[in-house]
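Reader: I'm new to this one, and I'd like to go through it slowly with you. Could you put it up first?
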Amino acid sequence: TLTTNHMTVVKTCICGNIREVNNPQNASKLRSELPENVVRTLLESIFNNTGGEVVIDQNGKHQILGTPTETAILEFAMSIGGNFKAKRAETKIAKVEPFNSTKKRMCVLLELAEGGYRAHCKGASEIVLAACDKFIDETGAVTPLDKATAGKLNGIIDGFAHEALRTLCLAYREMEEGFSIEEQLPLQGYTCIAIVGIKDPVRPGVRESVAICRSAGVTVRMVTGDNINTAKAIARECGILTEDGLAIEGPDFREKTLEELLVLVPKIQVMARSSPLDKHTLVKHLRTTFNEVVAVTGDGTNDAPALHEADIGLAMGIAGTEVAKESADVIILDDNFSTIVTVARWGRSVYVNIQKFVQFQLTVNVVALLVNFSSACFTGNAPLTAVQLLWVNMIMDTLGALALATEPPNDDLMKREPVGRTGKFITNVMWRNIFGQSIYQFVVMWYLQTQGKTFFGLEGSDADIVLNTIIFNSFVFCQVFNEISSREMEKLNVLKGMLNNYVFMCVLSSTVVFQFIMVQFLGEFANTTPLTSLQWLASVLLGLVGMPIAVVVKLIPVGSS
């Protein structure tokens, strides 16, 4: 997720010497420097103890199939002159113990042509090296592994890890006479062949994405099966591990008591050499004990429990297994961490857009209800007819939803704090805006109803229908300008980017056009009468005044919740 997933072997430690193999010239030079028996054993180990395959494609070229790690090691073996099919033909695979996250290694038992068995082991460097009691020295001879040499090799592993290289150790063991393939392969007594350092470059933009997450109040934690030094180096490169952050290994995490975990879990930024159960435990503690909203990424079958436990499971679309995808809520098609930030941005955008719409809808509802109810109580008739209320309802529901719900996400969304489990959907800010705008609109409607005839100089038998049309027209334009004000719940500049939102502009324009048609030409249907240009101007201005009123209301401080 954080790295490109295109791995290459760039460093090796064979016969106790470190060599760089990051280009074909270095690889061929390495082949010439190594004793022949060492090369033979190394290629036998790589080509037989693998889950990958080397095939010939349609163009007659070699193609490597398998996981990125397997591909990297097979590429290395071929770069030093190895032949996959020829080496496989020399021996027969009698037994395979595949890699699993508990043992952190995979083993294979070979039946040799001259008789007898040989076991090859590959996996987490410190674990496989701990199973070795011999190593191959500079001359190609098998030598006992003393404490000094073991310390030197462990130091090389740490050195590779500090360079953000993933390390693997390759080892073999000659099996004693009488060994049966029914028996378990031994855990000790191996001979160290080589330590390889695999580079998996960090994806472009990951560091920036992690910084965006941090500014958005999202804590990023890395849980990996890699060596702790490799994990720390990659985490620092990505900006995940900070000075006050904690890096811990899975076995240490498992031994902690509940009281210790209460202190440790908030500080953990990196967990290395972890098992799937460790990931599940961490997610469960964050969700239940700390009441956090947790998103988890994963690609393997073993990640399924953590993906299922999380509030949001994010599976990898390319590297992810079907089991992981089935357990997830969202599938990241390009396996890129930056896409997760895009998911968060769009999620926040949808949430905020719904809030904007609800704020707008409640304002329209409150004013329409108050105007009609109070008017019916005090004057005996309602200024807004059923058809007019249906039109207002259409503005409020269909067109309002289209306009406000199609606002595209902006970068400011990732500077807000997360809502959290206990956050209110209708916030104090929304209530402030609803009440401020509702009071202004109600005062305008009530003033027009009581003093409108005098203000506009209306007389005669059609005075009532003209006044009701002005009230209806003013009410609609109050909603039009309130829709613009609702684009931002806290910011004062609501016009920024408005012209770029074509859906919003189309909805606004169509609302004004249909309102003009309804007032001027659909009198009998809508119970309206054509208005003069002065009356139109007054209706528009009364609606427009709502925008500076909204600005003043936004200056009133309220709590964030």
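Reader: Okay, which elements each supply at least two residues of the lining of the largest cavity?

Author: Those are α16 (428-456), α17 and α21 (546-554), where helices (H or I, at least four residues) and strands (E, at least two) are DSSP runs numbered from the N terminus. Before going on, please note that this is a predicted model, in which local features need pLDDT of at least 70 and side-chain atom pairs count only at pLDDT 80 or more, while totals for chains, interfaces and linings use all residues. Residues are numbered from 1 along each chain as its sequence is written, and side-chain values use heavy atoms, with hydrogens and water left out.

Reader: And which of them gives the most to that lining?

Author: That is α21, with 3 residues. The lining of the largest cavity consists of Q359, N433, Q437, N482, S485, S486, A550, V553 and K554. A cavity here is a set of points, on a 1 Å grid over the protein atoms alone, where a 1.4 Å probe fits but cannot get out; a pocket is an open set with protein on both sides within 12 Å along at least five of seven lines, and lining residues have an atom within 4 Å of a point.

Reader: What volume does the largest cavity have?

Author: Its volume is about 60 Å³, with grid points joined across faces, edges and corners and the volume taken as the space filled by probe spheres set on the points.

Reader: How do the two linings look by class?

Author: The largest cavity has 2 nonpolar, 6 polar and 1 charged residues in its lining, whereas the lining of the second largest cavity has 9 nonpolar, 1 polar and no charged residues. In this scheme Ala, Val, Leu, Ile, Met, Phe, Trp, Tyr, Cys and Pro count as nonpolar, Asp, Glu, Lys and Arg as charged, and the others, Gly among them, as polar.

Reader: Which strands supply at least two residues each to the second one?

Author: β1 (8-14), β8 (132-136) and β11 (190-199) do, and β11 gives the most, with 3 residues.

Reader: Switching to pockets, what is the volume of the second largest pocket, and which residues are closest to its centre?

Author: The second largest pocket has a volume of about 340 Å³. Of the 15 residues that line this pocket, N410, R487, E488, K496 and G497 are the closest to its centre. Its lining has 2 nonpolar, 5 polar and 8 charged residues.

Reader: What about α18, which of its residues are buried?

Author: In α18 (residues 502-521), the buried residues are F504, V507, L508, T511, Q515, M518, V519 and Q520, where buried means under 20% relative accessible area, exposed over 50% and partly exposed in between, with a 1.4 Å probe and protein chains only. These buried residues pack against α15 (386-405), α17 (463-485), α19 (523-526) and α20 (533-544), contact meaning heavy atoms within 4.5 Å.

Reader: Last topic, R273 and N291: is each buried or partly exposed?

Author: R273 is buried, with a relative accessible area of 9%, while N291 counts as partly exposed at 41% relative accessibility. R273 has a positive phi of about 50 degrees although it is not a glycine, and N291, also not a glycine, has a positive phi of about 55 degrees. Most residues other than glycine have a negative phi.

How values were computed: The expected span of a helix is 1.5 Å times one less than its number of residues.
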